[in-house]
Amino acid sequence: MPMNTNNDSTQARPLKSRKGIFSKIWGVLASVKLTLFVLLLLAIVSIIGTVIEQNKELQFYYMTYGQGWGDFIIKLGLTDMYHALWFTAILGLIVVNIVVCTIERFPSKWRNLLGDKTNFKVDIIDKLSRSDNFELAGVPSSNKDGLLRVLKKKKYKHLIREEGTGFALHAWRGVIGRFGSDFTHVSLLVILLGAIIGSFWGYKDFRVVLVGDTMQVPNAEFELRLDNFWMEYYDSGQIKQYNSDLIILEDGKEVGKKHIWVNEPLYYKGIRFYQSSWGKAWNRLSGAEVILKTADGKFSDPIEINWMETKPIPTTGYSIKLVAYVSDFAFDTETKTVFSKSGETNNPAANFEIYKDGKVVFATWLLFNHPELVQSMPDASEGVLLLNGIRGILYSGISINKDPGTNIVWLGCLIMGLGCYFSFFVFHRRLWVRIEEVEGKTLVTLGGMINKNDLLFDKEFNLLVKTLKEDGSKSFAEVK
Amino acid sequence: MDQPKVILSLMFFTMAFAFYVVTVLCYIGNWVFKKKWLGQLATTMTYVALFSTSMILVSRGFESGRAPFSNLYESMVLFVWALTVGYLILEYKTKMRIMGAFVMGVALVAMISASMLPYRFKSVEPLNPALQNKWNFLKDILEPFGLQNYAIGWLDFHVFTTFIGYAAFAIAFGLSIMYLIKDSYEKKDKRSTLIDSFPGADMLDELSYRSIAVGFPFLGIGIVSGAVWANAAWGQYWSWDPKETWSLITWFIYAAYLHARVTRGWRGRKAAYLAVVGFIAIIFLYWGVSFVLPGLHAYA
Ligand code: HEM
């Protein structure tokens with residue numbers, strides 16, 4: 001089978017014929033060899049970032065790879081490789097390559113293909129890989145209709161020129177297939193543009209919101225309130241889904257709401273809010289339950305106290321208020337403050353104020369795991385308060401993301417899809433036909449080419465030859 | 001806890017496995033002994049194997065109550081299915097059975113690898129929160145029939161298109177190996193009854209290009225739909241996680257292949273080597289990344 005590489009109009013000028021340093025550099029930047037080099041380079045260096053874990057703390061690299069290699073990895077920017085300067089530079093090189101390549105080839109390709117349509121030469125038939133000539137019955141004009149009919153059925157466009165006693169014809173279809181690669185190349189620039197816009201004008205953030213709380217959205221004129229957070233489970237106990245009910249507030253007024261879950265973000269004024277994590281609040285409770293154990297060992301009924309609520313302690317004349325909470329109790333002896341050592345509920349403790357006649361008379365931390373550790377009533381003889389239970393509160397972790405480049409990236413992907421379709425599924429086919437009368441005989445010379453997929457074209461070309469021959473004999477019969 | 005039953009799909013798997021063994025043996029027999037009836041039997045067996053593979057997917061769909069594209073085992077079966085369909089198209093278009101020994105050979109190897117997956121990959125696991133991405137319009141359409149669980153989303157679409165791409169690359173891989181063998185024989189003017197029955201080197205080159213011309217856009221659509229899904233689930237269309245990066249790496253290799261074909265000095269053998277390297281990268285993307293490298297992808 002003859003190879004038909006047929007890139008006549010897309011070859012750049014060879015490097016050897018280029019004079020001058022600028023011209024040589026330009027030649028290199030326009031070459032497909034450079035493209036091959038850069039694509040393979042990108043493939044190879046990208047592997048590094050999949051083997052070395054990205055964006056960890058520096059500590060991690062020293063611990064995993066040792067001092068020497070750790071230093072090396074950090075110096076080369078391999079900790080965040082895909083954003084390192086040198087990686088960006090390789091991407092920049094391919095951009096330059098695409099731009100120069102297009103400037104170099106596109107105009108001549110355009111002119112050639114246009115020129116084909118206005119001023120065609122039939123003499124090239126001899127040079128084509130697919131050509132044929134044979135004798136037909138009838139006169140040239142009688143063959144014309146049949147030929148045009150076949151071409152029309154096969155969706156070819158054509159130009160026709162009278163030549164002496166006969167005519168010359170040029171037909172083509174699928175020119176757009178030749179521009180598929182240009183669409184694809186431009187689409188890459190569009191996608192990169194979108195990525196650049198995103199990295200300059202977008203931001204990423206993360207907020208933790210407790211159920212019932214309102215969060216300020218960074219760089220925006222609205223707030224979000226979390227009305228509810230809940231989880232769904234499979235029968236097996238595995239988590240099926242996390243859900244948050246978000247209310248959008250503008251100037252304190254409710255302007256919209258949305259139930260979000262993993263895979264279903266809220267999109268408002270160019271900003272997206274994603275369900276990304278959840279947990280138990282480490283500094284807030286919805287309520288707590290305390291019990292008073294009197295000096296003679298009797299227990300009172302449990303007292304239910306909501307967050308920041310005051311409740312009387314029966315039979316004592318005191319009342320008690322729940323004012324603070326930590327999930328993992330710790331005490332800083334220098335600043336004399338209580339704090340939570342972690343986000344885990346390892347050592348929960350609640351802080352209460354005790355009132356008498358509307359005035360604070362005492363304050364105490366009650367530890368759930370260590371009852372009776374502290375004096376918890378204003379006077380030790382009045383007994384001890386025990387933290388009997390806590391009602392935790394969930395928070396929802398919300399990722400905030402603004403990326404004005406996203407839609408440009410999708411646009412680029414769309415153009416790339418078109419480009420691939422044109423490149424791989426639309427074939428540029430061209431035919432040249434001459435039918436002339438020589439010494440009373442009607443001679444047909446025809447040839448054609450396709451830019452790829454010779455198998456397909458073989459069939460089509462043979463069909464055309466066959467139809468011409470049959471059609472000719474038919475018209476011959478009519479003349480008789 | 002009640003595990004959904006996977007008996008039917010495992011039964012079809014076992015049958016399909018046997019059919020692929022027979023198919024490949026027939027194709028090899030047809031190639032080596034040049035018996036026409038072996039070739040016809042091979043083609044028939046390919047259809048039988050395809051039917052059985054389709055039934056794995058269908059029964060799997062019933063067993064899990066959702067579209068069957070969500071873990072390594074299911075995607076492996078999908079790959080074999082697409083590869084078989086692709087091969088049958090190739091055979092129909094070229095009317096040649098020689099390539100069956102190579103292309104269906106790849107399908108058999110894939111079946112063997114799938115059968116060696118640990119049981120936890122074969123059983124039906126519930127979807128974790130990030131994997132529950134369904135197109136609402138499809139849910140709405142299927143709801144009246146009680147089939148809303150079978151709605152697919154970006155994720156399924158992503159897996160589906162990616163694996164059609166892989167299957168096309170697998171065909172190109174088989175053809176490129178044949179090309180490399182045939183080309184070296186043609187160049188040195190060596191003869192061998194086994195190799196002479198291959199299609200010409202030019203034709204093998206053209207056919208493997210056509211396969212890659214199908215695989216390249218499908219892998220592209222796969223990467224993009226994966227990005228759309230990531231954007232919905234994590235708020236980022238691209239995060240350079242190992243699986244994403246590897247899919248980009250293979251895509252770069254095949255882009256290099258396409259450009260090698262229009263470059264003097266790279267046409268032919270070097271391009272064919274790239275098609276082979278590209279497929280090796282896919283195998284790594286498929287298995288290596290899942291088992292060796294850390295990442296977000298729970299399935300292939
Ligand atoms: C990631 C980068 C690139 C991608 C994904 C890409 C993609 C493509 C695709 C899909 C084709 C069509 C292939 C075919 O028809 O078989 C193509 C063709 C081509 N590309 Fe690229 N390309 C890239 C970079 C470049 C660069 C930097 C150049 C500059 C020299 C270039 C030059 C060409 C040429 C000359 C063709 C053949 C055009 C034709 O036959 O009409 N490509 N490219």
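**The ligand and its surroundings**

Tutor: A nitrogen atom of the ligand has a polar side-chain atom of A:His185 lying 2.7 Å away. Before we go on, this is a predicted model, where local features need pLDDT of at least 70 and side-chain atom pairs count only at pLDDT 80 or more, while totals for chains, interfaces and linings use all residues. Residues are numbered from 1 along each chain as its sequence is written, chains are lettered from A and ligands numbered from 1 in the order in which they are written, and side-chain values use heavy atoms, with hydrogens and water left out.

Student: Thanks! What lies 2.4 Å from an oxygen atom of the ligand?
Tutor: That is a polar side-chain atom of A:Lys452. From the other chain, a polar side-chain atom of B:Tyr209 lies 2.6 Å from an oxygen atom of the ligand.

Student: And where does the ligand lie?
Tutor: Between chains A and B.

Student: How many residues surround the ligand?
Tutor: There are 26, taking a residue as near if one of its heavy atoms lies within 4 Å. The closest are A:Cys101, A:His185, A:Lys452, B:Tyr209 and B:His259.

Student: Which helix gives the largest share of that shell?
Tutor: H4(A), with 6 residues. Helices here are DSSP runs (H or I, at least four residues) and strands are too (E, at least two), numbered from the N terminus. Chain B takes part as well: helix H9 (201-234) and helix H10 (242-260) of chain B each supply at least two residues of the shell.

Student: How do the shell residues divide by type?
Tutor: Into 12 nonpolar, 10 polar and 4 charged. Ala, Val, Leu, Ile, Met, Phe, Trp, Tyr, Cys and Pro count as nonpolar, Asp, Glu, Lys and Arg as charged, and the others, Gly among them, as polar.

Student: New topic: how much area do chain A and chain B bury between them?
Tutor: About 4,600 Å², with 67% of it on carbon and sulfur atoms. Buried area is the accessible area (1.4 Å probe) that two parts lose on being put together, summed over both. A:Thr50, A:Asn263 and A:Phe424 supply 15% of the area that chain A buries against chain B, more than any other three residues.

Student: How many salt bridges are there across the interface?
Tutor: The rule finds 0, a salt bridge being a side-chain nitrogen of Lys or Arg within 4 Å of a carboxyl oxygen of Asp or Glu.

Student: Which element gives the largest share of chain A's side?
Tutor: H2(A), with 12 residues of the side of chain A that touches chain B.

Notes:
Polar contact = N/O pair within 3.5 Å; in protein donor to acceptor, adjacent residues only side chain to side chain.
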